[in-house]
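Look at the sequence and the model below.

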Amino acid sequence: FEAINYGAKVAQTVGGDTVALVLGTANADAINELGQYGATKVLHANNAQFDQLSTKAYANAIVEAANQVNANVIITSYDITGKAVSGYVAAKMKAGLVSGAVDYPTADFTVKKTVFSGKAFANVTITSDKKVVSIVPNSFGITKNGGAAAVEAFAPTTANATTVKEVNKVTGTVPLGDAELVVSGGRGLKG
């Protein structure tokens, strides 16, 4: 909800609509609730393939959705999924990227972000036409505005993902002479 709320405030600044993208199976009530946090439209890719994180599939779907709605600003959360996907999305869209944002962008799209493990801050200006901002969770308040969002089915054509079909474990030991790397531990000889 925080990313949608943030996106709605950015949309007010730069002009435009706030479109939320839901990937995978989701509760219809939860999807409809997104309008209360600022989304004007929700695209739902109701495909079980998206129930497990696949950076490539998620990023391709986000880029396709952004192109479909002519989005110039993409907002993600700076969590495990956002960290994996944001850079990929920015590269595919030839967009500027700010990860770890802790404040709203200014008129010239300067965004405050954390640096040095959150011990300092930097102001980064994105000058490209397309922008990706990944926000630090729990940095912004969440407010409901009581709005409603139109929900549309979204079927990305680039939803290809690599899936692991089988994992084979090697059993036995490698002879010492054939090992690429030998790690030794124990007591030193004080010499």
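## What covers helix α3

The cover over the buried residues of α3 includes the strands β1 (19-23), β2 (41-45) and β3 (73-77), together with helix α4. Helices (H or I, at least four residues) and strands (E, at least two) are DSSP runs, numbered from the N terminus. This is a predicted model, in which local features need pLDDT of at least 70 and side-chain atom pairs count only at pLDDT 80 or more, while totals for chains, interfaces and linings use all residues. Residues are numbered from 1 along each chain as its sequence is written, and side-chain values use heavy atoms, with hydrogens and water left out.

Of the 14 residues of α3, 10 are buried, so the helix is mostly covered; buried means under 20% relative accessible area, exposed over 50%, and partly exposed in between (1.4 Å probe, protein chains only). The buried residues are A57, Y58, A59, N60, A61, I62, V63, E64, A65 and A66. From its first C-alpha to its last, α3 reaches 20 Å, close to the 20 Å expected at 1.5 Å a residue (the expected span is 1.5 Å times one less than the number of residues). Just after α3, N70 has a positive phi of about 55°.

## How α3 and α4 pack

Two packed helices are described by the angle between their axes and the distance between the axes. For α3 (residues 55-68) and α4 (residues 80-93), the axes come within 9 Å and cross at roughly 50°. Axes are lines fitted to C-alpha atoms, for helices over the stretch in contact, and angles run from 0 to 180 degrees between N-to-C directions. The two helices are therefore oblique to each other: angles under 35 degrees count as roughly parallel, over 145 as roughly antiparallel, 65 to 115 as roughly perpendicular and the rest as oblique.

On the α3 side, the residues that meet α4 include Y58, I62 and V63, and on the α4 side they include V85, Y88 and V89. Contact means heavy atoms within 4.5 Å.

## Two single residues

H44 is in strand β2. At 10% relative accessibility, H44 counts as buried. Leaving aside neighbours within four places in sequence, H44 is in contact with V22, G24, T25, A26, I31, E152, A153 and F154.

D108 lies in the loop between β4 (96-101) and β5 (110-115). At 47% relative accessibility, D108 counts as partly exposed. Leaving aside neighbours within four places in sequence, D108 is in contact with T125 and I126.
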